[in-house]
Amino acid sequence: MAAERGPVMATCTAPVNIAVIKYWGKRDTDLILPINSSLSVTLHQDQLKTTTTAAASRDFTEDRLWLNGKEVDVGHPRVQACLREVRRLARKRRGGGEDAAALSLSYKIHIASENNFPTAAGLASSAAGYACLVSALARLYGLQEELSEVARRGSGSACRSMFGGFVQWQRGERPDGTDSLALQVAPETHWPELRVLVLVVSGEKKPVGSTAGMQTSVETSPLLKHRAEVVVPERLAQMMRHIRDRDFEGFGQLAMRDSNQFHATCLDTFPPIFYLTDVSRRIIALAHRYNAHHGHTKVAYSFDAGPNAVIFALADTVAEFVEVVRRSFPPATNGDQFVRGLPVGSAVLSQELVGAVVTEPVPGAVQYILHTQPGPGPQLVDDPSQHLLGADGLPRSRA
């Protein structure tokens, strides 16, 4: 068997997702069960992805984990929860016994994971990370089951990264969480004109992590309780309708309102949590001025728990709005690297548009723009040369 010659390996990639109906707050912190359902757009892995290699060998003496090249604590409770759940499912699939041809569940595991974007800066790195971890482990053990419930045990929003396109995470009702799952609402091909611009304001780690922040909100914010019980159920139905109909006006308006209400609940938390910065607020004002100038919703912002803006737009708006951003936040030094990802055409702005929309430019406030689109769920990497771990089970040098 292959294990005799070296580790058995599986490598997967997984996407980031951006919620347009936000998840904030758990009703069970151990099982990671949310106080409300949520809805997200999965972003394309050509621009944003996590890559994870999981390896198992009889020669490994302990479980080990490397994140972006640095060894980190594999004993983290959420990592352990995912490992435990995948091994439990594998054991169950084998009827409780050891299949001689299958990978031994007693072998220790080595895991290496890399992001091609800033970790913990409000770009849903934990969602992509845990979705990728679960996908790679499942592949290693030959599991085909519904895995969003397992990914949820690592990071709530990770369950939404188990699918491409437009994804709902159902709140569920059962105390054991078995009905708190992700479901695809529509595939990534459903709305081909939809584009996403990530305006990276900061790659720094946020001052209050999502896990701590949301539980303080649950304990202290009456607005959050009202949002979860009254506002979200109606908005969820509306948003699914807008997506189904490819209605950008409705989709954009609701995405902005929901982002604003999420940050209002952060402000209603005691002590208050501030994820948006002055630059974030300038981007919000810019989007509203731009839409007002055109007389309808052409761009829509959404902010997760961090200062970076996610802007939704249709393909025919991208070039003009990118030029508006460039004029409003002139790049400091990286003019040629200011726009990354999918190509963006050039646009000539009318004096009328510049006069109405571009007010008081702030040089260098936006580090760069990443242009992307909706994309698929986790992917298996077949090429062995792409494994992050070598034959010795240690990270390959990426020189």
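Reply: In this predicted model, strand β5 (residues 38–42) and strand β10 (residues 166–169) are joined by four bridges and pair in the antiparallel sense. Within this pairing, Val41 stands opposite Phe166 in β10. In general, the strands of a sheet pair through backbone hydrogen bonds, in either a parallel or an antiparallel manner.

The pair belongs to an open sheet of four strands, whose order is β2-β5-β10-β11 and whose pairing is antiparallel. The edges are formed by β2 (17–21) and β11 (182–186); each has a single partner strand, so one side of each is left without a neighbour in the sheet. From one strand to the next, the twist averages 35 degrees.

A helix accompanies this sheet. Helix α6 (residues 222–244) lies across β2, β5, β10 and β11, and its direction is at about 110 degrees to that of β2.

A further set of strand pairings involves strand β1 (residues 8–15). Of the eight residues in β1, seven are buried, and the strand is thus described as mostly covered. Strand β1 runs antiparallel to strand β6 (residues 49–57), to which eight bridges join it. In that pairing, Ala10 has Ala54 of β6 as its bridge partner. Strand β1 is also joined to strand β17 (residues 379–380), by two bridges and again in the antiparallel sense. There, Thr13 stands opposite Gln379 in β17.

Packing between helices may be considered next. Helix α2 (residues 77–93) packs with helix α3 (residues 125–141) at an angle of about 30 degrees, and their axes are 10 Å apart. Angles under 35 degrees count as roughly parallel, and α2 and α3 are therefore roughly parallel to each other. Their crossing is right-handed. On the α2 side, the residues that meet α3 are Arg78, Val79, Cys82, Leu83, Val86, Arg87 and Ala90. On the α3 side, the corresponding residues are Tyr130, Leu133, Val134, Leu137, Ala138 and Tyr141. By class, the contact of α2 with α3 comprises 11 nonpolar residues, two charged residues and no polar ones.

Technical notes
Residues numbered from 1 in each chain as written. Predicted model: local features only at pLDDT ≥ 70, side-chain atom pairs only at ≥ 80, totals over all residues. Heavy atoms only, no water. Pairing = 2+ DSSP bridges. Axes fitted to C-alpha atoms, helices over the stretch in contact; angles between N-to-C directions. Contact = heavy atoms within 4.5 Å. Parallel < 35°, antiparallel > 145°, perpendicular 65-115°, else oblique. Left-handed = near helix turned anticlockwise from the far one by under 90°. Nonpolar A, V, L, I, M, F, W, Y, C, P; charged D, E, K, R; others polar. Buried < 20%, exposed > 50% of the residue type's maximum accessible area, 1.4 Å probe, protein only.
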